[in-house]
Amino acid sequence: MHLTASAPPAEAGRLRLRPWQLRLSEAVVSVVAALGYTALCRHISVNPLNRIGQVSGLATLQEYVALIGLPLLAVLLYAAYRGTLRQYELAKRLVCAALAGLATGVVAGGVVVALRGTPWPLGGQEGDPSVLIDMATSIMHGKGIGVYPPAFPAAMAAWSEMRYGGVGGAGYALHDLQIICSALVGPMSYLAWRLLLRPFWALLIAVPAAVVFLDPIRPYSHVVMIMLLPLLAAFMRELRRTERRSVRSALLLGVGFGVVFGLMFLWYSGWYLWSAPGVFVLALLLFPWRKGRAAITSAAAFVVSAGVAFAVVGAPLIYEIVRLGASTPDRYAYLSVYADPTYVLGWMSDRSGQLTYDTWPAAGELSGQTGFAVLLLLGVGLGMGLALRNIAVRTAAAVLAGAWLMRFYYAGNMERTQQIQLYPRTTWIIMYCLMILAVLGLMALVQRGTGWLDRALRAKDSAVGVISPRVLGQLSAGMVCAVALFATMGASWSINRYMPESSETSMGIDAYRAQEVKKADGTCPKYSPVTKCADHIVKDWKPTPDTGLWCSGIPTEDWPAVCGRPAPWVTGTKN
């Protein structure tokens, strides 16, 4: 039995939707799945401060997502085996969109569980969250925040004004936005990749990327990285097509891209630095230099208008970077700074537990490379070998090459400059590019392999349609089920790391700290591990003075071997 290419007239009339309606439906389903699931997790009643309570919470998260997800997968499988082609395609769109939302909804729901009983965010009033709280307070006082992207602190300030009475409520606002923004990473990632790819392939990139890179303490950061790559690829695709557009059309399209890039730059700017070299070179290669004056004019209008719109929207941050950028060096060191700089398949923050640069990363079987690394690189080879004409492959490869060179430039000069300059963060964007290339390589292999097999069988048997659409649909539906299972397992792994724990070297310390600060009424949170909670501190942001200390997080006795000099706090030594 084959999938029918068209439905009966009455059925077709009911199912036929315009392209914009289909895209809007995907967006609505994905966002509702993410936020709805997160809201449902408010009903999980456990004590997050003991391990049994945490395990019960993690299990309930999986119970809830199974009760929602299994019926969705059942609908998809039924459509693949019994439905028409039109029904199957619609089901696949909506189910993939919902799964993308549920994937990060589980992470956000886990944050709800970890913070149960406290209005404070992960981190409480310490570390990076305290800096964000101070920045939002400064914005409410009409003051600046230096070179940090202002959009998220401004969103905190606005939410605090709306929900918590303004000044003094920034911490509570951060609590809410950590949860909401974590939930939305999956939908935003999926919808960005849907600009370029069909639902299954968009899901295959979006879900692993969202689960692997999502950091609930700063969820606004990585969503920009995840969305930036497909948007850059879409920009490059339109650059190749500008010869078909009028100058006016190219101008308007360029302004649209520039505004979007500018808003994302204000939300979080770091990924633009690592992407810039490769994107600049790729744009030069794709520019229609030899296609005549009309094509060059349209392309120039597209690029210039995008650049001007980006500069106008991003002007507040660009101005601060030009004014203060040189005077704010990054010297913050942690485990990743001391590890092998070539390792880009894992990330270790300053919550590294008992690991050291001698024990992390763990060596693999083949020249230190793990089986995962070898399989990933095999996929990258497929992408470069079979899909180099795909604009997303070219964009990911260009960004990877640029970020790779910048990573080793900064790392190579670290001893001389005594500055880190955030180079370990290239780990994320490099790994992301490798994942993109591997998925697109797999996509190219499936597409070409299916075509080759179909032609070979047709030539042998003189048959038509040897590989039926129904078989491909059933295979795709089965793989969606596999991605869904990975998403639930990966999301549980992700949030388990943030369950409250008192160890200063554990990622769970951030949720633990949130349980140690007084609520607005002056009482301790319900599950507070201490009897005397910290007072609520309200203060403006102030830049941290540069002390010149760049080799940190190292025991005093190890400084000579690791940093090349005695620790500066040892009597008789100089910093």
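**Confidence first**

Modeller: This is a predicted model. Over residues 1-13, pLDDT stays under 50. The model has 21 contacts beyond four places in sequence for residues 1-13.
Biologist: How should I read coordinates where pLDDT is low?
Modeller: Where pLDDT is low, the predicted coordinates should not be read in detail.
Biologist: What is the mean pLDDT of the protein?
Modeller: The mean is 92. Residues at 70 or more make up 95% of the protein.
Biologist: In which helix is confidence lowest, and in which is it highest?
Modeller: Lowest is helix α1, residues 9-15, with a mean of 46. Highest is helix α7, residues 170-193, at 98.
Biologist: On to the inside. Which residues of the largest nonpolar core touch the most other members?
Modeller: Those are M156, L203, F213, W271, I429, Y432 and V480. This core has 145 residues.
Biologist: Which helix gives the most to this core?
Modeller: Helix α4, residues 85-114. Helix α4 contributes 17 residues.
Biologist: And what is L203 in contact with, leaving aside neighbours within four places in sequence?
Modeller: C96, L99, A100, Y190, P208, V480 and V483.
Biologist: Let's switch to the surface. Which residues make the nonpolar surface patch?
Modeller: F280, V281, L284, L285 and W289 make it. The patch is about 570 Å².
Biologist: Where is W289 found?
Modeller: W289 sits in the loop between α11 (270-286) and α12 (293-313).
Biologist: Why does W289 count as exposed?
Modeller: Because its relative accessible area is 52%, and exposed means over 50%.
Biologist: New topic: the loop between α19 and α20. Is S506 buried or exposed there?
Modeller: S506 is in that loop. S506 counts as buried because its relative accessibility is 12%, and the cut-off for buried is under 20%.
Biologist: What does S506 touch, neighbours within four places aside?
Modeller: S506 is in contact with R351 and E501.
Biologist: And R497, where is that?
Modeller: R497 is also in the loop between α19 (469-496) and α20 (509-514). At 24% relative accessibility, R497 is partly exposed.
Biologist: Which residues does R497 touch, not counting those up to four places away?
Modeller: L214, M507 and G508.
Biologist: How many Å apart are R497 and A103 in space?
Modeller: They are 16 Å apart, C-alpha to C-alpha. In sequence, R497 and A103 are 394 residues apart.

Technical notes. Residues are numbered from 1 along each chain as its sequence is written. This is a predicted model: local features need pLDDT of at least 70, side-chain atom pairs count only at pLDDT 80 or more; totals for chains, interfaces and linings use all residues. Side-chain values use heavy atoms; hydrogens and water are left out. pLDDT is the predictor's confidence in each residue, from 0 to 100. Helices (H or I, at least four residues) and strands (E, at least two) are DSSP runs, numbered from the N terminus. Contact means heavy atoms within 4.5 Å. Buried means under 20% relative accessible area, exposed over 50%, partly exposed in between (1.4 Å probe, protein chains only). Patches are made of residues with over 30% relative accessible area and no salt bridge: like charges are joined within 9 Å, nonpolar side chains (Val, Leu, Ile, Met, Phe, Trp, Tyr) within 5 Å. Accessible areas come from the Shrake-Rupley method with a 1.4 Å probe; for residues, only the protein chains shown count as cover. A salt bridge is a side-chain nitrogen of Lys or Arg within 4 Å of a carboxyl oxygen of Asp or Glu. A nonpolar core is a set of buried Ala, Val, Leu, Ile, Met, Phe, Trp, Tyr and Cys residues joined through side-chain atoms within 4.5 Å.
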